[in-house]
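I opened my notebook to get to know a new structure, one look-up at a time. Here is what I went to see.

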Amino acid sequence: MGFIGDTYTLFLREMLIFKKNIRVNLPRSLIFPLIFIVLLGSFGNTPKNVPVAVVNYDNGQAALNFINLMQGSSAVKVVSQTTQQGAMALLSRGTVAGVLVIPSGFSGGQEGNVYLYLDNSQPQSAEVVGATVDATAAKVGAGTVADNVNGGGRGLVSVISSYVFGAKSNYLSFVVGGLIIMVASFGAIFSAGFTLLSDRELGNLKAFLITPINKFSILLSKIAYGTFQSLLSAYIGLVIGLLYGATIGAGILGLLELIWIVFLVGLGFSALAIALAARVKQIQTYALVGQTVAMPLAFLGGAFVPVNLLPNFLLPVVAVNPLTYAVNAVRDIMIKGVLPINTLVSTSAILAVFTGVMMVLAYLLFRNTGEHL
Amino acid sequence: MSMALNAIQIQGLVKRFGDFTAVDGIDLDIKEGEIFGLLGPNGAGKSTTVNMILGLISPTSGRVLVNGIDMSKNPQKARNEIGIVTQETVVEAELTAEQNLRIFGRLYHIPPEELERDIDFALELSDLTGFRHAYAGTFSGGMKRRLEVSKSLMHAPKILLLDEPTTGLDVQNRTQIWNLLREINRTQNITIVMTTQYLEEADQLCNRIGIVDHGKLIALGTPSELRQRIGMSNVIEISADREALPKLAAICRKIGLEPKLLSNKVVAPGGARATENIEKVIKAISESKIKIQNISMHEPTIDDVFIKLTGSEARDTTGSFKSGRVGMMRGR
């Protein structure tokens, strides 16, 4: 018993209250993902200057024409690569959204193929690249007389597209992946923080502090409750997403990995919530503080839009934001269909470090909580 | 020659918040088995003292011993000796009566085999057996308070500390709480320490009263001892509009009385010749043409003791604190 037992008792209490209020709690967890998926899942925005790696094995005039035409549109930005391997490496790192390979002999014949590889974990960008290459192929295929005179023209061009990550390009899976992490972090920040605040306001916190328990079991029970709420919110978000048409590329194993990532996010963000709420006295103030932290972190973690569309000055924030890694991992699981073990380990490590730091912070701020009632 | 043990010993207790000294060296022994009332105006240091007895905040210097156990050094053990009813009624609205008791019983580490029996007993004590599975949010103020009192007794503490246990309750519920407290004090020999702003409550219920002001214990004794301190003279009380009060006080002073200004009245001990003095006051008021609502004379109550000692009313009525202080300063 002792510390763990007390934490369990306090967690039990949170769950009894949760059960009592289930008619309010469940719809609250439901409404947000529903609105989010229905609204955001239905339309995407069109990115500009999407980076595309181009590997030109031909170097003939027709190939150069093709590249110039492509570059002429502001939709894509051509990044020249000498080898296909190099280009594919950029693609798998997410530096470019597509790889266009122009095989040697392209300029010679009357008909030819170009090969396009698209990163479907960035569905909006992939779509733009695909459309631009298709349009360019159509223009080149209808080659003008002048082109032919110069020896640069050529006949029909077929674009052979393939997606690098097995699963179909699915904007909805992209949205749902971000949504899951967002609702998980929101669930933690708001449930763990609000229960501490309402306990303080109603005098329950004082009542717990004067019992002979270790006060950190109070802190831990709140973190456990926040994590529970994270998992619940993420679960509801996922179910709605799947019903709406999203898919989990990585299957059952992927689902387990996803739950693990959500669990870590819940833990870390519940600890963050306690740290934020430890010295706040009014629920209204905490609502403001929570929003101010939760929304930007979700946004800068790429939950709404791909982080490569964000301006450069925000990139350092993106890099230190634990949600960035969680969102990427979940999208890998859902869209790429595989989460490499080292990515799983590194993501877990990042989230664990974040959780550790937040727990220490929560501990320090909560330590003298008797003086801040 | 009684060798009564001390339930709570407060020794040289000081608490400073920055430059502000909230508690300024309190020494106080509360005896085992007594009902002790701690009184004081708002901001007097009463709550800070209570919070130090509970171990919620640590003293700047001095110490609190609960049944001989130092609260700062061994808070978890000391807390087992004491049951607490806080100012806010903290029964949980979203839990049933039984769940409320169970959660707290577990936090006080009552063994599971005893817990069921203790829950039954607590429900019986608070007269809530029929409401076992009802949510506490549906209870009346009195029911909540009774549940809380019995909840705080579940771990069989030797001392029960109540911070304003009847604030906000109607007369009937208040009487029920008094009876409950008397019963547990008598039948279980539990020492009861309470703060209150209802002085008649302290008068009726408490064996001894301590009055705290400006962080110091300024009076200590039985209610009748304290009443004697004001000299047993009858008290003259004049109610009037607030603007008229300073003029009325001036009239009293001219006659040789020592008036105190409160929110809506002037109060002055009548002295040895109280009847003569009130006649003089009435005459002076009618000459001055100041409109008053009422003038009366009564035997001194604990309220009067409190007013004489602290210069203010115990009850928290808007503005009374300020005018009370002003009155006190003039009185000095």
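My entries follow, from the overall form of one chain down to single residues.

**Entry 1: the kind of model.** I noted at the start that this is a predicted model.

**Entry 2: chain B as a whole.** I began with the secondary structure of chain B and found 12 helices and 14 strands. Next I looked up the radius of gyration of chain B, which is 22 Å; the globule rule gives 20 Å for 332 residues, so chain B is as compact as a globular protein of that length. I also took down the span of the C-alpha trace along its principal axes, about 75 × 45 × 45 Å. What share of the 332 residues of chain B counts as buried? I wrote down 47%. For contacts in chain B with a separation of 6 or more, I found that 70% come from residues 24 or more positions apart.

**Entry 3: the domains of chain B.** I looked up how chain B is divided: domain 1 covers 6-223, and domain 2 covers 230-331. Their C-alpha centres lie 34 Å apart. I then turned to the place where they touch, and there domain 1 of chain B brings 13 residues while domain 2 of chain B brings 11 residues. Which elements give two or more residues to the side of domain 1 that touches domain 2? I listed helix H7 (199-205), strand E9 (208-213) and strand E10 (216-221) of chain B. H7(B) has the largest share of that side, with four residues. Sorted by class, the domain 1 side has eight nonpolar, two polar and three charged residues.

**Entry 4: a strand with two partners.** I followed strand E11 (residues 235-239) of chain B, and found that it pairs with strand E13 (residues 265-269) of chain B in the antiparallel sense over five bridges. In this pairing I saw Ile236(B) opposite Ala268(B). E11(B) also pairs with strand E14 (residues 294-298) of chain B, again antiparallel and over five bridges. Which residue of E14(B) is the bridge partner of Ile238(B)? I found Ile295(B) there. A reminder to myself: in a regular strand, side chains alternate between the two faces of the sheet.

**Entry 5: where chain A meets chain B.** I found 21 residues of chain A in contact with 20 residues of chain B. On the chain A side, helix H1 (2-20) and helix H8 (204-209) each supply at least two residues. H1(A) gives the most, with six residues. By class, I noted 10 nonpolar, six polar and five charged residues on the side of chain A that touches chain B.

**Entry 6: two residues with positive phi.** I stopped at Asn67(B), which has a positive phi of about 50° although it is not a glycine. Asn67(B) sits in the loop between strand E4 (61-66) and strand E5 (69-70) of chain B.

Asp127(B) lies in the loop between helix H4 (112-125) and helix H5 (141-152) of chain B. I counted Asp127(B) as partly exposed too, with 15 other C-beta atoms within 10 Å.

Methods:
Residues numbered from 1 in each chain as written. Chains lettered and ligands numbered in written order. Predicted model: local features only at pLDDT ≥ 70, side-chain atom pairs only at ≥ 80, totals over all residues. Domains from an automatic or database assignment. Contact = placed C-beta atoms within 7 Å. Nonpolar A, V, L, I, M, F, W, Y, C, P; charged D, E, K, R; others polar. Pairing = 2+ DSSP bridges. Rg over C-alpha atoms; globule rule 2.2 N^0.38 Å. Buried ≥ 20, exposed ≤ 12 C-beta atoms within 10 Å, placed from the backbone.
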